[in-house]
Amino acid sequence: MENEKAILPEVQQIADAINAAVKNAGVTVSINPSPAEQHSLLLFPTKARECAQWLKAESPWQLDYLSNVSGNDWPEDAITKQTPKQPVKDAGEEPMHPCLEAVYHLYSIRQSLGPIIIRMRTENRSDKVELPSLTPIWRSAELQEREIFDLYGIHFEGHPDLRRLLMWDEFEDHPMRRDYVEPDDYDYEPTPHGDVLKKSLTQQEGTV
Amino acid sequence: MTPSPGRPTEAMPQFEMHATGVEGATEGTERMEVSMGPHHPSTHGVFRMDVELEGETITKLKPVFGYLHRNHEKIAESTSYLGSMPYTDRLDYFNSMTNNWAYALSVEKLAGIEVPERAEYIRVITAELTRLQNHVSLIGFLVQDMGALGTPLMYAFRERERILDLFESLSGARMMCNYMRFGGCRCDVSADWIKQAQSVVEAFPQFLDEFEALISENEVLMARSQHVGILKPELAIDAGVAGPVLRATGVNYDLRKVDGYGIYDRFQFRVPLGDHGDVYDRYMIRVLEMRESVKILQQALAEIPNGDYVNPKAKLRGFRPPPGEAYGRIEAPKGELGFYLISDGSPKPYRYRVRPPSLINLTILEDMCLGQTIADAVIILGSIDIVLGEVDR
Amino acid sequence: MIGKGILKGMVETARNLTGSFHDPDRLTTVEYPEQKIPAKENARNFPFLIYDGDDWETGLRCVSCQICEKECPPQCIYIEKDKEKKPDFLGKMQMQPKIFDIDVSVCMGCQICVEVCPFESIRMDNDFEYAGSDRFKSLLLTKDQLAKSNKYYHSIHPTEAQETDEIRVQKREDHLAKEKAKAEKLAKAKKEAASKAALSKAETAKEE
């Protein structure tokens with residue numbers, strides 16, 4: 001922990017500032033081992049909106065511009081797998097649990113700084129998939145959170161209009177999850193590829 | 001869509017709308033729901049708006065997405081890093097060069113690859129040429145939406161063609177260039193190509209003068225576009241609006257200046273800003289930006305150094321970035337285009353996310369259209385400059 | 001004055017109209033099927049396979065290494081190896097493809113197969129007037145349809161073809177030099193062995 005503090009003074013500084021300003025915020029730093037060195041702040045979902053509000057309105061960084069919201073899926077096997085290595089490490093804490101994650105990339109237009117990255121994680125991947133919506137704070141998240149709800153199935157509480165964005169309303173699954181299985185109801189064309197050819201042939205046999 | 005009382009629920013063609021509106025207009029106006037699109041010529045693709053009208057005035061507008069959705073991000077997760085490059089061409093198919101650059105930039109951040117100087121120059125040149133052809137065709141489409149059928153659009157496409165010819169002789173394809181690689185570009189530019197590009201760039205300001213004489217002072221255009229679709233800067237920042245739409249509100253935020261990615265800090269250019277945030281400002285911003293792009297191009301074409309066009313250490317096959325994540329963004333012609341990548345050390349990205357400027361700029365479509373007439377919604381949408389390949393991905 | 005801007009625009013239109021009669025720069029379209037704009041040298045459409053010499057079956061450069069099949073982003077290439085080998089331009093025995101299909105209804109002309117091919121075998125064609133009468137068979141190009149001569153390659157991409165030929169000449173020279181070095185080494189080793197044997201023979205004779 002001491003070493004990491006020396007490596008990432010800026011992100012740790014921000015985390016400390018949030019912890020000082022918001023009661024029981026419990027913000028920790030998530031370390032990014034890649035050469036990009038974009039480390040992120042891991043927020044508690046229950047305190048996330050308070051922290052975000054502080055970051056936008058009162059903090060010295062004035063993060064007024066939310067650029068990107070991304071969903072991630074961390075199923076059990078992606079976390080426990082030793083090789084290839086873990087892309088995101090949490091400083092100090094216990095290892096990551098299987099979860100869905102929302103990552104927000106924040107910038108400040110007034111001070112031209114960024115990106116400052118915050119991330120939130122759901123409790124699990126099946127029934128406790130609620131996260132607080134940050135749309136009331138940055139409207140930029142409106143369509144992007146809808147997209148994550150659509151493709152990952154994170155339920156953003158407090159979102160003004162949480163509907164599917166890209167898939168049709170009757171669609172049931174969440175296609176960007178890593179364990180998503182494609183439905184096998186296409187009309188396969190007889191392409192030369194092994195498995196598609198096999199599928200198309202079995203389909204033709206079935207229909208004839 | 002909830003049916004309004006006494007009205008059929010399905011979409012009605014526009015010409016009927018006026019007829020019924022007049023018929024029923026005994027006292028005041030009538031509430032009506034119209035579904036514009038997905039096959040409406042002015043929606044620039046398969047995009048639909050559920051519009052609620054009071055007479056001709058818009059009281060509610062909900063954009064509907066997804067007709068062109070192909071889950072680009074999922075496809076990228078199942079192919080190699082290099083294999084996603086040609087797919088990025090098909091995001092915003094007007095600007096394949098900048099899409100390539102944004103993706104290459106993010107991967108270079110993720111893997112810590114350096115880009116040789118000549119490659120940076122080539123990237124700036126191709127990106128600015130892309131900006132020229134995007135803006136020129138956009139203003140052609142925009143005035144077409146306002147009723148200037150044909151003529152300005154054809155003039156715009158005539159100029160765009162010259163730039164596409166340059167792209168074709170450089171990369172082999174006019175629109176699906178697939179030109180950038182991690183750590184540089186796919187092939188070198190010849191001295192001959194630079195000469196050709198110079199002559200195109202030198203002739204461009206003259207065309208802009210002509211185009212402005214043709215349309216900028218046109219009274220119909222001014223009447224249709226001034227004080228229409230006004231966007232306030234506070235809302236624009238809050239809603240993550242980027243690019244020319246943001247700068248038309250007067251917010252000085254151009255990533256070429258702010259981030260200075262690539263080698264943009266070496267060139268002298270100015271960032272044009274609007275002050276009303278209406279459709280006319282968005283039109284003018286694009287004309288002015290093209291003039292600045294010409295300046296950048298003149299400098300870059302004159303100064304381009306010799307050297308490698310690609311980092312010789314960068315691998316083409318079997319490329320595995322170290323584990324970690326990176327977010328890279330550039331100022332694409334339509335706004336801030338970003339790529340968020342997570343690598344787990346394998347040859348395929350664990351997560352690949354596109355920050356589509358066209359989609360996020362549509363967040364404020366309803367806010368801009370409320371209180372305007374239905375005919376204005378068409379030009380407000382046109383002035384945002386969307387491409388459905390990027391909106392729906 | 002109202003209408004001034006419109007008048008100004010009209011003047012511009014008139015200038016373009018009259019200009020199109022004497023300035024070829026203002027008349028940019030051609031009557032397509034009768035007139036054609038010559039293709040740009042780099043223009044690409046779909047891939048083809050190069051063969052050396054006159055007979056496509058013996059001269060085909062492809063050694064069915066299947067790298068292009070693996071790297072192709074939309075997976076439009078299908079290769080099956082032949083059991084019989086044939087000599088390549090260096091005289092080495094190499095594999096050859098039994099089946100080499102490209103599904104051009106899937107191919108997006110991205111040129112990645114060309115970049116990864118280590119045998120200068122697959123290159124991009126610039127023939128864009130491609131049409132077939134049915135959906136599957138006529139859009140599935142087989143080995144005999146894909147094979148085109150090196151002469152043809154020179155006629156469509158002269159600069160690139162020249163570079164490719166130079167690479168191959170270099171490869172042959174390297175190969176010959178290697179062979180020569182190998183042969184010399186072998187001869188030297190033989191000589192040494194012979195002299196050693198002679199020496200030992202003499203020694204044994206001496207001892208006796």
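## Sheet in chain C and the A–B interface

In chain C, strand β1 (residues 47-51) is joined to β6(C) by 3 bridges, and the two run antiparallel. This is a predicted model. Within this pairing, L49(C) stands opposite I122(C) of β6(C).

The pair belongs to an open sheet of 3 strands in chain C, ordered β6-β1-β8, with mixed pairing. Its edge strands are β6 (122-124) and β8 (147-149) of chain C, each pairing on one side only. Neighbouring strands of the sheet are turned by 55° against each other on average, direction ignored.

Now the interface of chains A and B. On chain A, 53 residues are in contact with 50 residues of chain B.

| Chain A–chain B | Value |
|---|---|
| Buried area | about 4000 Å² |
| Share of that area from carbon and sulfur atoms | 53% |
| Salt bridges | 6 |
| Residue pairs in polar contact (both at pLDDT 80 or more) | 31 |

Which elements of chain A each supply at least two residues of the side that touches chain B? They are β3 (65-74), β5 (99-108), β6 (113-121) and α5 (141-151). β3(A) gives the most, with 10 residues. By residue class, the side of chain A that touches chain B divides into 27 nonpolar, 14 polar and 12 charged residues.

How values were computed. Residues are numbered from 1 along each chain as its sequence is written. Chains are lettered from A and ligands numbered from 1 in the order in which they are written. This is a predicted model: local features need pLDDT of at least 70, side-chain atom pairs count only at pLDDT 80 or more; totals for chains, interfaces and linings use all residues. Side-chain values use heavy atoms; hydrogens and water are left out. Contact means heavy atoms within 4.5 Å. Buried area is the accessible area (1.4 Å probe) that two parts lose on being put together, summed over both. A salt bridge is a side-chain nitrogen of Lys or Arg within 4 Å of a carboxyl oxygen of Asp or Glu. A polar contact is a pair of N or O atoms within 3.5 Å; within protein, one must be able to donate a hydrogen and the other to accept it, and residues adjacent in sequence count only if both atoms are side-chain atoms. Helices (H or I, at least four residues) and strands (E, at least two) are DSSP runs, numbered from the N terminus. Ala, Val, Leu, Ile, Met, Phe, Trp, Tyr, Cys and Pro count as nonpolar, Asp, Glu, Lys and Arg as charged, and the others, Gly among them, as polar. Two strands pair if DSSP finds at least two bridges between them. Axes are lines fitted to C-alpha atoms, for helices over the stretch in contact, and angles run from 0 to 180 degrees between N-to-C directions.
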